[in-house]
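Reader: I would like a close look at a single part of this protein, with every term given its cut-offs. Please take the part I ask about below and then connect it to its surroundings.

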Amino acid sequence: VQVAADGDAVSVFPTALYVETARYVQFSHFRELLTKVIGPLDDEIATAVTSVQLRYVDEIRIEVPESAAVRPTNWQPYVTFAMVQGIPGLENELAGSYGGLLLHRGPNRHLSLEWSITDQDAITPDHPLISWYPTLEQPALVLDWAGHASPESPVPFDVQAVLGLVDEMYADIGEAFRATITEK
């Protein structure tokens, strides 16, 4: 079963539940969406929760003169992690850059950060989610966080169990995100 409307998409599979939103306002609204989706399934799902993944995608958009090359150095003042600057002697040939980091946040909890410089919108016109943000006019630095939590042992499927794990991932991603960006 898949339902999509107004920037939200819900997909239900025999062993997984996917909830996406392209109109993220704040975490409390996302929690309300999860409660609306999971609540009616409580009595219908007889399985246990073995893992939860929370993904948060953000982008940094800056004004880059059209005559200037889009390089990782354009975004370096905005992030605290080192971005690839190019290969010595070939710096002027760098057309783009991407990278990733993996963080261990404790027993059975991990975060990954993938970043890339892109001029492509995250949500294409043919995607079932409705784009909430303006189309990119210049390249942006995309920060794609994914948090993964697995309970020590499976927990019964219900709203509170899922929200508890999602809250842990949200706290981990929030802390890491704040540590990743600069005041600028």
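How are α1 and α3 oriented to each other, roughly parallel or roughly antiparallel?

Author: The model is a predicted one, in which local features need pLDDT of at least 70 and side-chain atom pairs count only at pLDDT 80 or more, while totals for chains, interfaces and linings use all residues. Residues are numbered from 1 along each chain as its sequence is written, and side-chain values use heavy atoms, with hydrogens and water left out.

The axes of helix α1 (residues 27-38) and helix α3 (residues 159-180) come within 10 Å and cross at roughly 155 degrees, where axes are lines fitted to C-alpha atoms, for helices over the stretch in contact, and angles run from 0 to 180 degrees between N-to-C directions. The two helices α1 and α3 are therefore roughly antiparallel to each other, since angles under 35 degrees count as roughly parallel, over 145 as roughly antiparallel, 65 to 115 as roughly perpendicular and the rest as oblique. The crossing of α1 and α3 is right-handed; a crossing is called left-handed if the near helix is turned anticlockwise from the far one by less than a right angle, and right-handed if clockwise.

On the α1 side the contact is made by Phe27, Arg31, Leu34, Thr35 and Ile38, and on the α3 side by Val159, Val162, Leu163, Val166, Asp167 and Tyr170, contact meaning heavy atoms within 4.5 Å. These residues divide into 8 nonpolar, 1 polar and 2 charged, with Ala, Val, Leu, Ile, Met, Phe, Trp, Tyr, Cys and Pro counted as nonpolar, Asp, Glu, Lys and Arg as charged, and the others, Gly among them, as polar.

Val166, which lies in helix α3, has a relative accessibility of 4% and so counts as buried (buried means under 20% relative accessible area, exposed over 50%, partly exposed in between, with a 1.4 Å probe and protein chains only). Leaving aside neighbours within four places in sequence, Val166 is in contact with Phe27, Leu34, Val52 and Leu54. The C-alpha atoms of Val166 and Leu54 are separated by 6.5 Å, although the two residues are 112 residues apart along the chain.

Pro156 is found in strand β9 (residues 155-156), and with a relative accessible area of 59% Pro156 is exposed. Apart from neighbours within four places in sequence, the contacts of Pro156 are Thr47, Ala48, Val49 and Ala161. Pro156 and Ala48 are 108 residues apart in sequence, yet 4.5 Å apart in space, C-alpha to C-alpha.

As for the whole protein, there are 3 helices and 9 strands, running β-β-β-α-β-β-α-β-β-β-β-α from the N terminus on; helices (H or I, at least four residues) and strands (E, at least two) are DSSP runs, numbered from the N terminus. Of the 184 residues, 34% count as buried, and residues 24 or more positions apart account for 67% of the contacts with a separation of 6 or more.

Elsewhere, Thr118 in strand β7 (residues 109-118) is buried, with a relative accessible area of 19%, and Thr118 touches Leu136, Pro139, Ala140 and Val142, not counting residues up to four places away in sequence.
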